[in-house]
Amino acid sequence: MPERVREPERESGGGAEPVRGGPLRAFGLAEVYNPSMVPTLQPGDQLVVQYGAVVRPGDVVVLRHPFRQDLLIVKRAVERRDGGWWVRGDNPYVENDSREFGVVPDELVIARAWLRVRPPRGLQCSPRAVASWVLSAVRPLSRRLRAR
């Protein structure tokens with residue numbers, strides 16, 4: 001199932017395109033819907049993403065699927081190759097990544113993920129449970145390379 005990403009848009013003659021100006025307009029939200037990035041990301045996690053950000057090896061990125069460009073996916077940028085990025089999921093059992101579709105052209109990489117926000121799941125109302133969730137719910141995404 002695809003990730004849902006809200007791209008900021010502006011009207012420009014023939015259609016809409018992502019806004020890349022202004023410091024706050026370049027950010028958006030993405031929701032993870034599949035297990036391809038487990039254990040780093042779980043289905044239901046929210047991502048704060050920055051459009052047009054510089055991508056480096058190890059970054060978690062949002063990209064258009066090379067074969068279905070209406071489908072947005074979340075992967076880890078592993079390495080820069082001729083023609084684009086080699087991307088992999090952190091889950092070794094899911095192969096919907098560059099092993100299947102090859103190098104992803106730069107123009108299909110649309111955003112870099114900065115923060116993961118994990119929604120409460122079965123949260124108990126005890127102060128200890130709430131404190132534990134708060135400490136683990138919002139995390140910057142590590143650039144430590146996990147893809148195998």
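Asp-106 is partly exposed, with a relative accessible area of 36%; buried means under 20%, exposed over 50%, and partly exposed in between, with a 1.4 Å probe and protein chains only. The model that holds this residue is predicted, so local features need pLDDT of at least 70 and side-chain atom pairs count only at pLDDT 80 or more, while totals for chains, interfaces and linings use all residues. Residues are numbered from 1 along each chain as its sequence is written, and side-chain values use heavy atoms, with hydrogens and water left out.

Asp-106 meets Arg-80 in a salt bridge, at 2.8 Å from N to O. A salt bridge here is a side-chain nitrogen of Lys or Arg within 4 Å of a carboxyl oxygen of Asp or Glu. Arg-80 lies in strand β7 and Asp-106 in the loop between α1 and β9, so the bridge ties together parts that are 26 residues apart in sequence. At 43% relative accessibility, Arg-80 also counts as partly exposed.

The structure holds eight salt bridges. One of them links Arg-118 and Asp-45, at 2.9 Å from N to O. Arg-118 is in the loop between β9 and α2 (127-137) and Asp-45 in the loop between β4 (27-31) and β5, so this pair ties together parts 73 residues apart in sequence. Asp-45 is buried, at a relative accessible area of 0%. Asp-90 and Arg-76 form another bridge, at 2.8 Å from N to O. Because Asp-90 lies in the loop between β8 (84-88) and α1 while Arg-76 is in strand β7, the parts tied together are 14 residues apart in sequence. Asp-90 is buried at 1%, and Arg-76 is buried at 1%.

The protein chain has two helices and 10 strands, taken as DSSP runs (H or I of at least four residues for helices, E of at least two for strands) and numbered from the N terminus. Along the sequence the pattern is β-β-β-β-β-β-β-β-α-β-α-β. Among contacts between residues at least 6 apart in sequence, 55% join residues at least 24 apart, where contact means heavy atoms within 4.5 Å.

Buried residues make up 41% of the 148 residues in the chain. The largest nonpolar core has 15 residues, and those with the most contacts inside it are Leu-41, Leu-47, Val-49, Val-60, Val-62 and Val-74. Two or more residues each come from β5 (46-51), β6 (60-64), β7 (72-81) and β9 (109-117). Apart from this core lies another, of 12 residues, among them Val-61, Ile-73, Ala-77 and Phe-101. A nonpolar core is a set of buried Ala, Val, Leu, Ile, Met, Phe, Trp, Tyr and Cys residues joined through side-chain atoms within 4.5 Å.

Phe-101 is buried, at 8% relative accessibility, whereas Phe-67 is exposed, at 60%. The count of aromatic pairs comes to one; rings of Phe, Tyr and Trp (its six-membered ring) pair if their centres lie within 6.5 Å, with planes under 30 degrees apart counted as stacked, over 60 as edge-to-face and the rest as tilted. The ring centres of Phe-67 and Phe-101 are 6.4 Å apart and their planes stand at 85 degrees, so the pair is edge-to-face. Phe-67 is in the loop between β6 and β7 and Phe-101 in helix α1 (residues 98-101), so parts 34 residues apart in sequence are tied together.

Two arginines lie over tryptophan rings. Arg-81 is over the face of Trp-86, at 4.0 Å from the ring centre, and the charged end of Arg-112 sits over the ring of Trp-114, 4.0 Å from its centre. The rule asks for NZ of Lys or CZ of Arg within 6 Å of the ring centre and within 35 degrees of the ring normal.
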